[in-house]
Amino acid sequence: MTGKLQAAAAQAQGAPATSPQPEDTATATVHVFEVPADKLLQDWKEAHARALAYLHALGIPPSERELLTADAIARALRSQPWEATSDAVAETLRALREVLPQRYPVSRAPAPATMDAFLAWRLDAALSGRFSSQPNATGAALPLRCSGVPASMPTLSRGSMVPSFEPRGIHRLFRRGRERHEQATARMADAQGEHSAVSRRRNYPWVRVAHRRRALLMILVLIPSVIASGFMVNVLPHQGRTWLGAAIVLFFGALFGWISIGFWTALLGFFTLAGRPDRFAITHRKEDENGAFTPGGRTAIVMPICEEPVDRVFAGLRAIYQSLQRTGMLDHFDFFILSDSSNPATWVQEEAAWLDWCRAIGRFDTIFYRRRRVRLKRKSGNVADFCRRWGKQYRYMIMLDADSVMAGETLVALVRLMEKHPDAGMIQTAPTAVNRRSLFARVQQFASRVYGPMFAAGLHFWQLGDGQYWGHNTIIRIAPFMALCGLPRLPGKPPLGGEIMSHDFVEAALMGRAGWALWLAFDLPGSYEETPSTLLEEMKRDRRWCQGNLQHLRLLPTEGLFGAHRALFINGVLSYVSALLWFCFLTLSTVQAIQDVLVEPDYFPKGPSLFPDWPVWRPNWALSLMAVTAMILFLPKILSVVALVMRRQAQAYGGGFKLAVSVLLEVIISSLFAPIRMLFHSKFVVQNLLGRTVSWGAQTREDSETGWWEAIRHHGLDSVFATVWGSALFWLNPQYFWWVTPIICGLILSIPISVLASRVRLGDRARARGLFKIPEESAPPAELHDLDQNLTVAEQQAACVPALEHDGFVRAAVDPYINALHRALLGNRRRLKASIRATRYALLERALANGPAALSVRERRILLSDPDTVDQLHQRIWMRPGKTGEW
């Protein structure tokens with residue numbers, strides 16, 4: 001080592017190298033440097049080692065590292081005479097930054113004048129994969145901004161997307177206001193060159209049929225509900241003549257009507273699937289499927305993400321890309337990853353994953369990534385921001401969720417359908433739940449797969465072209481979406497005011513009020529999603545959805561909305577309020593049961609009366625009413641099995657016997673979950689009505705499990721409440737206790753139920769025995785097979801990476817290529833006030849002195865958002881002498 005350093009020093013002075021000296025020589029000097037040799041050797045040893053480490057990080061071939069290091073040291077020695085050697089590391093690495101671009105010239109266009117030369121060299125090497133095991137075979141490069149700075153998005157093509165309505169008073173429901181709005185919207189659509197769907201909507205044949213079908217559904221729901229309420233009146237001892245009895249009848253009638261909607265929807269769906277295809281189905285005409293695919297514009301595949309598992313996001317997108325590639329239609333589509341992630345670790349890992357993917361396929365012009373700096377209006381704001389900046393370049397966008405996967409044939413079919421139906425504004429697919437392993441998730445995805453197609457067909461039967469948008473796995477016509485779907489802030493504070501959270505229903509209603517048709521492609525395969533893996537994860541998601549759906553009550557008076565979309569708003573509200581209605585019904589029934597025991601009946605009420613008021617109990621009527629209610633709840637599940645057997649699809653679910661056993665177990669498990677969900681949803685509704693809001697965080701996508709302490713924390717009070725309720729009823733009115741035993745038992749056992757249902761081990765055992773099996777497990781489609789392979793590769797690569805490199809912040813600071821990419825995507829330096837600049841440099845000094853662990857997430861985000869601090873952080877970590885182990 002000493003000989004090499006002396007040779008470099010001699011080269012720097014233009015003199016012949018001195019003969020190598022022993023490592024332990026204490027008095028050796030190197031020409032002009034009159035410093036002790038041990039101090040000199042110590043500094044230059046560190047410089048030599050640091051240069052080799054940096055070349056290793058760059059991926060430079062090992063055979064060339066020593067030569068490059070010697071050259072850099074020689075240049076450092078030649079740069080200036082030193083009185084001290086404390087800058088040996090810094091000067092050597094500065095020299096190395098000059099050596100590398102000369103040894104490996106930039107293979108692409110010259111760097112912008114605003115970009116540092118070595119930054120441009122690192123970016124070029126990163127994009128080309130010159131020193132990587134995955135080189136960029138096609139040589140595709142990043143697009144450039146107008147300033148010449150590389151960008152990860154296409155050239156801007158700005159458009160407008162402003163709020164298109166104001167939530168005001170009930171007078172806007174009147175026909176005159178709606179007609180004025182339709183006329184204004186029609187003029188706007190004509191001015192944009194779009195089809196004026198408003199002027200033709202009244203002539204659509206499906207509109208009149210939809211009115212008749214909805215009238216039929218209303219009759220089928222109202223009449224049985226009135227009859228069932230009459231039965232309940234006669235079941236009560238005083239036939240509803242008391243205020244308590246009247247309240248019980250009222251709540252029962254509302255609940256019976258609510259479950260009747262689901263029953264008749266499923267029954268109509270069964271007839272739709274069992275009979276001839278619905279002539280109004282958007283997928284009915286398929287004669288042009290094999291024709292030339294020549295859409296009138298390009299399609300953007302858009303995935304908004306926020307703090308999502310990076311490996312899963314990009315594995316799913318790669319699977320979609322691979323599927324589209326097999327169709328031969330890939331050139332008609334572009335991919336957009338729109339990030340709202342604020343955690344620097346996730347942010348940087350997203351950038352790195354995007355770089356790896358684009359470099360592997362050489363498609364920087366097709367795969368785009370952007371992270372918003374200002375995260376307004378959550379997902380809806382993210383999508384609106386994309387539309388304003390790039391929407392004019394595309395005719396359609398296919399909206400995905402972070403866990404979505406869609407087949408290439410499905411994506412092409414959606415574009416074909418939009419081309420064949422110029423009046424369609426959105427086409428929503430019916431996603432299939434897949435890829436979960438916990439017992440809870442397997443039961444959920446089995447239920448979705450078995451019962452879902454029938455319910456989806458029933459929804460289509462009465463919605464027709466006034467369907468709904470579920471926020472993902474949907475194709476959208478961009479021009480009317482931009483013109484019509486800008487969302488305002490609701491007056492007041494959250495939870496019922498502020499930003500519109502459940503934006504998808506609102507956007508569908510706004511498209512519908514302008515005359516655009518919204519279809520549910522209930523029979524289009526190849527659309528997949530993933531469900532929460534535990535009951536508590538599902539409840540966290542439902543709490544957010546509950547707040548968003550309750551906001552829709554504020555939007556009911558919005559002018560111009562059609563009745564179908566107002567009904568969908570109410571339906572979304574009732575999906576959570578119904579739990580509170582059920583809780584109130586049980587509470588009132590319990591009060592009635594206790595009152596019958598504790599309060600002496602009054603047979604002679606006040607006022608004129610010829611006969612005493614004898615209480616009458618009719619247990620047979622109660623049993624009949626319970627049987628009818630059970631039929632409404634469980635007959636659709638039986639019909640779903642019948643539909644599968646009729647279509648000879650039972651074998652894909654493990655065979656007829658395993659299918660029947662799985663359905664029976666699903667009924668038992670869902671019955672245990674029902675009261676737990678009831679209490680959670682009731683609390684959510686009450687909390688929102690009392691003004692308590694919730695954060696809209698990211699959903700946990702992996703197969704997580706619920707711990708016992710977590711379950712006790714969330715279910716403990718419910719179990720205590722159910723124990724006290726059951727004990728009191730058993731002591732006071734044992735007969736009524738047995739009527740509510742299933743509900744009480746479910747709540748008492750909520751802790752072990754929640755924990756055990758979350759176990760992956762139990763889910764795997766059920767699958768091994770052929771229970772809760774779905775066709776996508778019997779014969780996995782190519783897209784899910786690709787997804788599994790992509791995740792396996794990502795896991796293998798992650799296992800080979802040191803644990804510290806999983807921290808995206810550390811990776812952006814230390815890794816030369818990730819730092820270059822991140823720095824380039826930040827753009828040009830910004831002018832800042834001197835006080836702000838000083839504060840940020842103080843934060844930088846603290847990070848260098850104390851390591852990354854000393855910084856909060858917010859402080860890390862500040863450093864990674866500033867181009868200057870990103871540059872300084874990388875340079876000074878590598879150039880400063882001393883230990884850098886914390887980095």
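Is Trp354 buried or exposed? At 0% relative accessibility, Trp354 counts as buried. Buried stands for under 20% relative accessible area, exposed for over 50%, and partly exposed for the range in between (1.4 Å probe, protein chains only). The model is predicted, so local features need pLDDT of at least 70 and side-chain atom pairs count only at pLDDT 80 or more, while totals for chains, interfaces and linings use all residues. Residues are numbered from 1 along each chain as its sequence is written, and side-chain values use heavy atoms, with hydrogens and water left out.

Aromatic pairs come next. A search of the whole structure finds 29 of them. Rings of Phe, Tyr and Trp (its six-membered ring) pair if their centres lie within 6.5 Å; planes under 30 degrees apart count as stacked, over 60 as edge-to-face and the rest as tilted. Trp354 and Phe364 have ring centres 5.7 Å apart and planes at 80 degrees, so this pair is edge-to-face. Trp354 belongs to helix α11, and Phe364 to the loop between α11 and β3, ten residues apart. Helices (H or I, at least four residues) and strands (E, at least two) are DSSP runs, numbered from the N terminus. Phe364 is also buried, at 0% relative accessibility.

Phe440 and Phe673 form another edge-to-face pair, with 5.3 Å from centre to centre and 80 degrees between the planes. This pair links distant parts of the chain. Phe440 sits in helix α14 (residues 439-463) and Phe673 in helix α20, 233 residues apart. Phe440 is buried at 1% relative accessibility. Phe673 is buried too, with a relative accessible area of 2%. Elsewhere, ring pairs link Tyr54, Tyr104, Phe118, Trp121, Phe131 and Trp878 into a cluster.

Helix α20 (residues 656-689) also packs against helix α23 (residues 741-748). The angle is about 75 degrees, and the axes are 8 Å apart. Axes are lines fitted to C-alpha atoms, for helices over the stretch in contact, and angles run from 0 to 180 degrees between N-to-C directions. The two helices are therefore roughly perpendicular. Angles under 35 degrees count as roughly parallel, over 145 as roughly antiparallel, 65 to 115 as roughly perpendicular and the rest as oblique. Leu672, Pro675, Ile676 and Leu679 of α20 meet Pro742, Ile743, Gly746 and Leu747 of α23 in this contact (heavy atoms within 4.5 Å). Seven of the contact residues are nonpolar, one is polar and none is charged. Here Ala, Val, Leu, Ile, Met, Phe, Trp, Tyr, Cys and Pro count as nonpolar, Asp, Glu, Lys and Arg as charged, and the others, Gly among them, as polar.

Salt bridges were also counted. Each is a side-chain nitrogen of Lys or Arg within 4 Å of a carboxyl oxygen of Asp or Glu. The count comes to 41. Arg97 forms one with Asp116, with the closest N and O atoms 3.4 Å apart. Arg97 lies in helix α4 (residues 88-103) and Asp116 in the loop between α4 and α5 (117-128), 19 residues apart. Arg97 is buried at 16% relative accessibility, whereas Asp116 is partly exposed at 38%.

Arg298 pairs with Asp334 in a salt bridge of 2.7 Å between the closest N and O atoms. Arg298 is in the loop between α9 (243-274) and β1 (299-305), and Asp334 is in strand β2 (residues 333-339), 36 residues apart. Arg298 is partly exposed at 31% relative accessibility; Asp334 is buried at 5%.
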